[in-house]
Amino acid sequence: MTANLVARSGSGSAARPAGSPVLSVKDLHVTFGSEAGDVRAVRGVSYDLHPGQVLGIVGESGSGKSVSAMAVLGLLPDNARVTGSVELEGRELLGLSDREMSKVRGKDIAMVFQDPLSALTPVFTVGDQIVEALTVHRRLSKDAARERALELLDVVGIPDPRRRFKNFPHEFSGGMRQRVMIAMAIANDPKVILCDEPTTALDVTIQAQILEALKSAQELTGAAILMITHDLGVVAGFADRVSVMYAGRPVETGAVDEIYYRPRMPYTIGLLGSIPRLGTAGHGRRPLTPIEGTPPSMVDLPDACPFVARCPIAVSACQAAEPELLPAGPDSHPSACHRRADLESGTIPIDEVYPLPVIPETSLDAVPRAERQPVLEVKDLSKHFPLLRGAVFKRRVGTVKAVDGISFEIREGETLGLVGESGCGKTTTLMEILDLVAPQAGSIAVFGREAANLSGRERMEMRKDIQIVFQDPMASLDPRMPVGDAIAEPLRTHGWSADRAAARVSELLKLVGLEPYHAARFPREFSGGQRQRICVARALALSPKVVILDEPVSALDVSIQAGVINLLDELRAKLGLSYLFVAHDLSVVRHIADRVAVMYLGRIVEIGDVASVFHAPSHPYTQALLSAIPLPDPRRERERSRILLPGDLPSPANVPSGCRFRDRCFKYASLNEAERVKCRDEDPTIVARPGEADHATACHFAAALEVV
Amino acid sequence: MTIQLIDDGHTPETVGGGPVASTAAGRARLVWRRFRRNKLAVAGLAGLVLLFLFAFFGPSLTHWKAGDNDFLNTQTGPGSDHFFGTDDAGHDMFAQTVSGMRKSLNIGLLVAALSTGAAGILGTAAAYFGGWWDKAIVWLTDLFLVVPSLLMLIILSPYFQGANWIVLIPMIALFNWMITSRVVRGMTLTVREREFVRAARYMGVPAWTIIRRHILPNISSILIVDYTLNVGAAIVTESFLSFLGFGIRTPDVSLGTVINDGSTFAGTDQWYLFAFPASFLVLIILCVNFIGDGLRDALDPNSTGVSAR
């Protein structure tokens with residue numbers, strides 16, 4: 001069925017550049033005019049892309065990685081000035097008219113965008129959109145185009161393409177939509193596929209599926225892929241070559257192993273050191289090395305290394321001139337650093353470029369868990385939403401079981417990581433806890449006091465003890481309120497006088513690494529990491545005992561993320577806090593949490609201390625989740641085999657009978673009929689693993705499996 | 001657009017030498033400081049104050065009263081006795097304009113305050129509390145929307161015959177708040193779902209405080225624009241009612257009635273009958289608009305015009 005998709009012989013062995021490059025970018029510059037002056041978003045990007053090769057472009061937000069890709073496609077707005085050269089198989093693309101570029105876009109160069117919902121037109125069916133992508137570039141009969149569209153849907157792994165062909169984008173899940181985008185991208189056998197953060201908006205198990213789909217799409221078409229991402233893990237297993245961008249320029253390029261194992265630029269070293277890692281056994285509390293400061297403004301960049309202000313090994317030469325992209329030694333890859341020779345020769349050991357921050361220990365760490373006070377106890381918590389139909393008279397047609405009986409407890413000075421994909425009920429759980437009222441079923445207790453029995457005044461008192469930090473620091477700060485007022489708000493609400501509150505605000509700002517005079521600024525004057533620090537300060541204002549962290553770092557860049565994680569770690573130790581840390585990123589949880597609970601479809605399927613859950617995960621879902629995480633380590637990434645889960649998370653309105661994971665369970669598939677009956681009919685309860693102190697699983701056939 | 005991040009170490013927003021900025025009056029003081037940086041807004045504020053002073057102390061500048069007829073000098077141009085001239089009945093236009101302005105300023109500013117205030121309170125309350133509150137308020141809004149307001153005013157006015165002209169203020173406001181209220185409700189529905197409102201709720205901040213502290217500032221742009229437009233609209237509505245004989249009656253005058261009487265002379269050699277009162281109306285509305293613009297920018301941290309740099 002897929003035979004005629006192979007336009008050119010797609011050779012899988014892609015790493016060797018053979019012959020002439022398919023896409024050659026030389027000295028690309030992009031400048032935007034703005035009121036503040038010219039913003040030099042891209043300052044000299046060059047690369048060659050050979051057929052079948054995958055080039056990863058890694059950088060943080062604002063590094064110019066997306067803009068350089070848009071410039072290749074000629075999709076930048078009119079106020080952008082683009083210079084340099086972009087050659088597609090020897091043909092110059094810069095300076096082509098929009099009409100001529102339209103013939104190239106989608107045919108020779110295809111694009112996969114980050115947000116598949118806004119990249120698809122909501123009013124046309126998915127099938128029609130693929131047919132359009134096909135017929136716009138070549139003459140095809142209606143039937144032929146339809147046949148080919150079905151074929152493409154099949155290739156990218158959409159089950160039952162004939163039925164799905166007629167669906168609209170909103171009827172697809174995020175992962176499915178991204179598959180459709182890939183189908184459209186490969187529809188005309190492009191020579192180059194540009195992927196702009198194709199998996200950033202997706203859950204980790206879906207990300208693994210999409211990367212797999214991209215890989216097979218590439219093998220079929222033999223196209224070269226330009227993969228733009230901020231995630232060093234995604235690139236490690238996927239790319240052949242990597243280019244690290246900073247302040248509009250590539251600062252280091254080379255084969256993927258070179259970059260990961262022999263970095264020669266402090267920025268790359270910092271990025272690699274700031275990622276929390278899954279695999280590093282015994283390093284549970286090894287602090288991350290954050291890169292201090294923020295990237296420079298792209299207006300009026302001086303002739304100096306743009307990284308100099310954040311670099312721990314800067315010398316006077318770094319201030320004097322911007323370093324060229326040159327190899328550090330005869331057998332090294334190009335990097336843009338004045339001290340590359342020292343890094344190459346080992347005068348400066350790579351591990352010691354960044355000083356390791358010291359995270360204080362708390363006295364509580366020495367106390368065994370069983371002797372500590374429980375601060376938050378949740379028992380059999382359920383939250384069901386009625387599903388209503390009808391315009392005038394609402395009738396109940398179903399129930400969304402968002403949270404369906406979960407129990408956990410957090411003890412003093414402890415961090416519990418609550419992990420799960422979107423839609424598993426994490427957020428609902430948090431909201432139920434924070435409402436501090438009697439839940440629909442089950443109980444919530446803070447310091448042994450039932451939330452259900454509280455009077456209004458007691459509930460108000462209890463709010464002092466339990467506070468929250470939200471995911472998006474921009475959304476959770478009132479844009480029209482100076483940050484000093486925002487931090488003082490909980491204090492004023494709980495009756496502090498203005499003077500006392502002002503003093504406390506200064507103290508809190510210092511505690512989170514900001515300055516007291518920042519109090520009179522609006523949130524927009526701060527960077528993302530600083531805003532999240534402000535949110536932490538606000539949460540800590542009333543000296544709570546429990547802080548609920550709802551994905552506190554997932555909206556931040558990697559290098560900033562590390563600083564916030566270290567801060568949270570430090571505050572926990574200093575103030576004896578307990579955290580409920582909700583995240584979808586297991587590596588972050590591995591780094592910060594003492595215990596972890598894995599949620600699936602409103603239930604906790606596995607809970608235990610971090611070491612046992614991560615080393616011997618015994619629920620198939622945990623195993624799949626762990627194996628789906630890309631490691632920032634190319635060699636291990638190549639050796640790993642992934643457990644790919646089929647399909648998407650089922651809707652919580654339609655929970656399967658028996659074990660709710662069985663539809664997607666690889667273990668269920670390998671069971672015999674007698675055993676399957678048990679999974680189908682019996683809802684597994686969560687039971688302690690025999691022989692392990694703190695580890696419980698809800699699976700009939702639980703068995704440990706090392707996957708990381 | 002570039003955002004200047006704050007690690008440059010200099011502190012433009014701090015007061016005096018003390019590094020601890022006051023957080024108590026934090027926002028109010030910050031907004032006032034940002035407002036003062038807008039020259040036009042300060043000019044507008046000063047202008048409005050001057051107009052008020054003029055409206056209340058202007059009568060002492062001349063010995064003529066608004067109702068007086070100077071039959072010896074009808075239809076004279078501006079001069080030393082009659083600053084703004086007289087009309088065909090010998091009314092002193094200066095006295096008429098000043099006394100009309102006193103009423104119109106009050107009517108314009110108060111009607112706008114009442115109707116925008118009602119729209120703000122009802123709109124935010126409906127959206128924030130939801131449920132039955134929402135249903136009741138939306139129902140009330142729609143009821144007022146379908147009733148033709150001018151007809152209602154005309155029907156109601158006999159009951160207030162002989163009453164003080166102050167009654168006009170709530171009457172006009174009563175039929176002027178509905179559309180803004182619906183817009184405000186819509187905007188509140190989106191602001192309400194933002195995380196900073198949730199964060200405030202989980203801190204235990206009372207509902208009305210959340211509305212006042214978080215929701216109203218974030219929808220303030222629409223309310224300010226609405227207020228400035230309402231000032232002009234109220235003055236015009238009042239003069240229209242007067243024209244129909246339901247508002248202010250002779251010998252009482254308002255800016256609206258004076259302009260109305262003079263409007264037929266606009267293009268003639270008795271231009272001063274129209275030009276003087278009309279330019280005062282323009283001045284009022286201009287000042288209010290400048291103040292509104294300045295306030296909007298001062299409240300909006302994204303506006304670049306007033307940030308200290």
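Reply: Helix α1 of chain A, residues 65-73, is mostly covered, with eight of its nine residues buried. Here, buried means under 20% relative accessible area, exposed means over 50%, and partly exposed lies in between (1.4 Å probe, protein chains only). Helices (H or I, at least four residues) and strands (E, at least two) are DSSP runs, numbered from the N terminus. This is a predicted model, in which local features need pLDDT of at least 70 and side-chain atom pairs count only at pLDDT 80 or more, while totals for chains, interfaces and linings use all residues. Residues are numbered from 1 along each chain as its sequence is written, chains are lettered from A and ligands numbered from 1 in the order in which they are written, and side-chain values use heavy atoms, with hydrogens and water left out.

Which residues of α1(A) are buried? They are A:Lys65, A:Val67, A:Ser68, A:Ala69, A:Met70, A:Ala71, A:Val72 and A:Leu73. Just after α1(A) comes A:Gly74, which takes a positive phi of about 70 degrees.

Now step back to the whole chain. Of the 708 residues in chain A, 58% are buried. Its secondary structure comes to 25 helices and 24 strands. The radius of gyration of chain A, taken over C-alpha atoms, is 27 Å, close to the 27 Å that the globule rule gives for 708 residues, so chain A is as compact as a globular protein of that length. The globule rule is 2.2 Å times the number of residues to the power 0.38. Along the principal axes, the C-alpha atoms of chain A fill a box of roughly 75 × 70 × 55 Å. If we take contacts in chain A (heavy atoms within 4.5 Å) between residues at least 6 apart in sequence, 69% of them join residues at least 24 apart.

Next, let's look at charged pairs. Side chains of opposite charge can pair when their charged atoms come close. A salt bridge here is a side-chain nitrogen of Lys or Arg within 4 Å of a carboxyl oxygen of Asp or Glu. Over all chains, this rule gives 42 salt bridges.

Two of our examples sit inside helices. In helix α17 of chain A (residues 498-511), A:Arg504 and A:Glu507 lie three residues apart, about one turn of the helix, and their side chains meet in a salt bridge of 2.9 Å, N to O. A:Arg504 counts as buried because its relative accessibility is 13%, whereas A:Glu507, at 46%, counts as partly exposed. In helix α19 of chain A (residues 558-575), A:Lys574 and A:Glu570 are four residues apart, again about one turn. The closest N and O atoms of that salt bridge are 3.3 Å apart. Both partners are partly exposed: A:Lys574 at 47% and A:Glu570 at 25%.

Another pair is A:Glu637 and A:Arg642, whose side chains meet in a salt bridge of 2.5 Å, N to O. A:Glu637 is buried at 8% relative accessibility, while A:Arg642 is partly exposed at 27%. Salt bridges that share partners also join A:Glu258, A:Arg262, A:Arg264 and A:Glu344 into one network.

Finally, we reach the partner chain. The contact takes 48 residues from chain A and 44 residues from chain B. The size of an interface is often given as the accessible area lost when the parts come together. Buried area is that loss (1.4 Å probe), summed over both parts, and between chain B and chain A it is about 4,200 Å², with 57% given by carbon and sulfur atoms. Two salt bridges cross this interface; one joins the side chains of B:Arg213 and A:Glu489 at 3.0 Å, N to O. On chain B, the elements that give two or more residues to the side touching chain A are α1 (26-37), α8 (195-203), α9 (207-218) and α10 (220-244). The largest share, eight residues, comes from α8(B).

Conventions. Buried area is the accessible area (1.4 Å probe) that two parts lose on being put together, summed over both.
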